[in-house]
Amino acid sequence: MESSIAKAGNSGPKIRSDCEIILELKESGGIVIDLTSRVESLYGESIRDLATEILSFYGINNASVRIIDSGALPFVIAARTEAAVKQLLPSDLEYLPDFYERNRYPVIRDRVRFARLYLPGNNPSLMINAGLHGAEGIILDLEDSVAPDRKDEARILVRNALRQVDFYGAERMVRINQGELGQKDLKAILPHNVNLILIPKCENAGQVNNIDLEIQAISRSLNLPEKVYLMPIIENAVGVENAYEIATSSKNIVAMAIGLEDYTADLGVQRTREGKESFYARTRIISAAKAAGLQPIDSVFSDVSDMEGLKANVSESRSLGFEGMGCIHPRQIKVIRQGYAPDENEIEKSKKVVLAFNEAREKGLGVVALGSKMIDPPVVARAQRTIDLALSLGMLKPGWEKNTTLPEE
Amino acid sequence: MTAKSVVNAAGREVPLILNGQPVVSFKGVGKHRPGGNKYGPPVPVSYDYPEDGNKVVGSLEEALRKCGLSDGMTISTHHHLRDGDLVSNKVFELASAMGVKDLVWFPSASFPCNDEIITYLDDGTINRIEGSMNGPLGRYVSEGKMKGTAVLRSHGGRVQAIQDGEVKIDIAVLAAPSADAFGNAKGTGGPSSCGVLGYARADYMYASRVIVVTDNIVDFPCFPMEIEGNYVDYVVVVDKIGIPEKIVSGTTRITKSPDRLLIAELTTAFLDKSGILKDGITMQAGAGGTSLAIAVFVHEMLKERKWKARLGFGGSTRYMVQMLEEGQMDYILDAQAFDLDAVASAEKNRNHIPYPVFNAYNYHSKGNLTSMMDIMILGATEVDVNFNGNVVTHSDGYLLHGIGGWQNCLHARNVILPLPLFRDRIPVIVDEVTTLCGPGELIDVIITERGIAINPRRKDLLERVKDSGLPLKTIEELKEEAERICGKPSRPVFTDDIVAAVKWVDGTVIDVIRRLK
């Protein structure tokens, strides 16, 4: 006979904002809850009520439930309870906490994606304040940061987080698993306003197409209102060689990232600070992404205590053509955002170029000149991109043209 | 059993009799004006003391006997040895062995090392504590196990209570890192150096009897003296007055939590954009990780602009010392040193000046240092939608902290509380504080990771930051956000029994703590 005891979640002296549920189904005796909690006197009753409600939702009337709570928020308690129930009674039913209305928003295709913060999908304590640190995107990760035997409970937790946690306008991204697990992930999370799916270890266009089709099918059947964008992550030599094929495989791809830990492992070399070993891969990805009209995104910088190193890394990354980077700690966000943003000097120069271009166009002139210098069209295009970026970052105010004068001829 | 009670000016029901003595209920900030003269201790005669100035006696027990230790007396100690204190507990161990009962312990603060005091509360040696009760001691009080009713006072309120004669100290037992045989003593030198002895002044000046306990006896004069030998009855030399590594933390450190750092950044941005931060400011910040981060960020900003703080009021830390040493602060006025760098600085730097709370915080002083401070960074366990603050109980109703200087510091020009919106699911901003320690009219700004709430009374600050881009919210909005995330907490259920009274800085009763059901 299979074990009739299920365990979900985490407890222990270092665990915060999580809980562990140990569930045993019984023949009789009703629901008996044994709760240990630091917030017992303030939330004991509501924790018990929530657990009871979920058990009854799944038709369980007799069970003993041990809840070891370390200050878990309701969406976490609900996820852990549901996960425990489903270990014993597999079911397609989902116990969905309320959808916080402010969490329903679309994003635009070309939004800035300088910094996106990775959040391990089975660690609720890191999710709660994740949206406060200014990253353009948050990634709820179901892939490498979740242990294989915790994939099911993480999926439920991530789903609940998408419904309940306010990410304060950040682009809501999920990194799904590969293969069949990934399909399960999509089914569970897509209905909860995911803006972008990260496709890990992407090697060819076929993988993207499969996921794209899966997303279209789910979106159609559930009549989902918002578009779901894609960001493939290239993490091995095959992927690098197929970079352009991947980049052009779907119109829903908005950015393409590189994962250097796996890539260097695939080459059988060490990842170094200088990064000579990955120079080809990085520039290849950048070129392919740009050719396809996508944002090229750099790999994470893994030494979270080395802010100077990160700064240098971002500076080089930007000079190569990358337009963003993953973060594994909130303190990296500021450095990364500052590093990819245009500096004042660039903005000033770009303002002049764009103004000269506008003036030439108004006068019907065929050539643009700044002072006595001719300006080529690509220079104008780059300046316009810098201005657009400065506007979207709030570094320039709309109507800036009126307050800027061209130098005397 | 409830004593006769009244609803005070803050709307809290408080007793009129406390531990058998009549008490005044809170009337409003600055309203209570007792007349008459300050209390004075008995008049000594210098002929009664050894001509050679040697007041050393054989043991603490002998000193206590000579002081006439007997039932019902009030014994005071200071907390400069913090969690490394070996003297306070010893006094009551001796009293217990001597069979003395119903003492009142009047410490300037207590620490986890004082949990042992529970033994002497249990065996009847101590009737009650008038001072701070942390952790297990607080829990003991909340559960109604203490015989008398606890009285919580601020550091300044403690001096006020002594000067008003509300607390008459029979014997002050004052641990001193260095002392001479005449009783002059200071906080530096010897194996148990704690930097300064800022909290001992009222005790030695007003106690009927004063015992100095040291493990570092030096030749007369022990200079510069923070305790003056002319007030001291006996000197006791022991092997050890404290455990050095527990007296000061080796080093205080700024928080590593990204969420706390975010609060510190927001606080610094607020200080800047509101114009509060300027050249020549006066400031005080605590030793908590977030406060220290704010000190570091403020330091960077001062440096960048070539500004200077005129003075920082301690508790001093290495971060304040860095400001002093790198030229961004003219003076540290210090009541206590929190880490080894601060102790070292107090010993060697002329501009790091001991400054007793006796002067800085006292209601009966002719002016206070705190009201002259531009920036005051404080904490709280709870703040309510009327900006009232609580520092002594948690939302579950347990007494877990002392007031410290918190109430006194509320009189600064800009009182800023950087706080997380919730801690482990427990909202910090609530409808009504569990225990009222400070009236909302004195609390100016609450800074959380999810937004800044300015007290509507501070129209000037609201005006100055309205276009700053800072995340301004009303306190109600912050409260609602906390409740949306955490759920609305149940309120603790209390009995009618009063286990502790919270005094305002003027000695009136602002609130009480009741026994938990």
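A: Two residues are in contact if their C-beta atoms, placed from the backbone, lie within 7 Å. The model is predicted, and local features need pLDDT of at least 70, side-chain atom pairs count only at pLDDT 80 or more, while totals for chains, interfaces and linings use all residues. Residues are numbered from 1 along each chain as its sequence is written, and chains are lettered from A and ligands numbered from 1 in the order in which they are written.

Start with chain B as a whole. Its secondary structure consists of 15 helices and 29 strands. Chain B has a radius of gyration of 23 Å, close to the 24 Å that the globule rule gives for 517 residues, so it is as compact as a globular protein of that length. Here the radius is taken over C-alpha atoms, and the rule is 2.2 Å times the number of residues to the power 0.38. Helices (H or I, at least four residues) and strands (E, at least two) are DSSP runs, numbered from the N terminus. The C-alpha trace of chain B spans about 70 × 60 × 40 Å along its principal axes.

Of the 517 residues of chain B, 57% count as buried. A residue is buried if 20 or more other C-beta atoms lie within 10 Å of its own, exposed if 12 or fewer, and partly exposed in between, with C-beta atoms placed from the backbone. Among the contacts in chain B with a separation of 6 or more, 71% join residues 24 or more positions apart.

Next come the domains, whose bounds come from an automatic or database domain assignment. In chain B, domain 1 covers 54–130 + 167–245 and domain 2 covers 258–492. Their C-alpha centres lie 32 Å apart. Across the boundary, 13 residues of domain 1 of chain B are in contact with 15 residues of domain 2 of chain B. On the domain 1 side there are five nonpolar, six polar and two charged residues. In this count Ala, Val, Leu, Ile, Met, Phe, Trp, Tyr, Cys and Pro are nonpolar, Asp, Glu, Lys and Arg are charged, and the others, Gly among them, are polar.

Some strand pairs come next. Two strands pair if DSSP finds at least two bridges between them. Strand β14 (residues 234–237) of chain B runs parallel to strand β5 (residues 56–57) of chain B, and two bridges join them. Val57(B) stands opposite Val236(B) in this pair. Strand β13 (residues 209–214) of chain B also pairs with β14(B) in the parallel sense, over four bridges, and there Val212(B) stands opposite Val235(B).

Thr74(B) lies in strand β6 (residues 74–77) of chain B. Thr74(B) is partly exposed, because 18 other C-beta atoms lie within 10 Å. Not counting residues up to four places away in sequence, Thr74(B) touches Val104(B), Phe106(B), Val167(B), Lys168(B), Ile169(B) and Asp170(B). Thr74(B) and Asp102(B) are 28 residues apart in sequence, and their C-alpha atoms are 9.1 Å apart in space.

Last is the partner chain. 17 residues of chain B are in contact with 17 residues of chain A. On the chain B side, α8 (258–273) and α15 (475–486) each supply at least two residues. α8(B) gives the most, with four residues. By class, this side of chain B has eight nonpolar, three polar and six charged residues.
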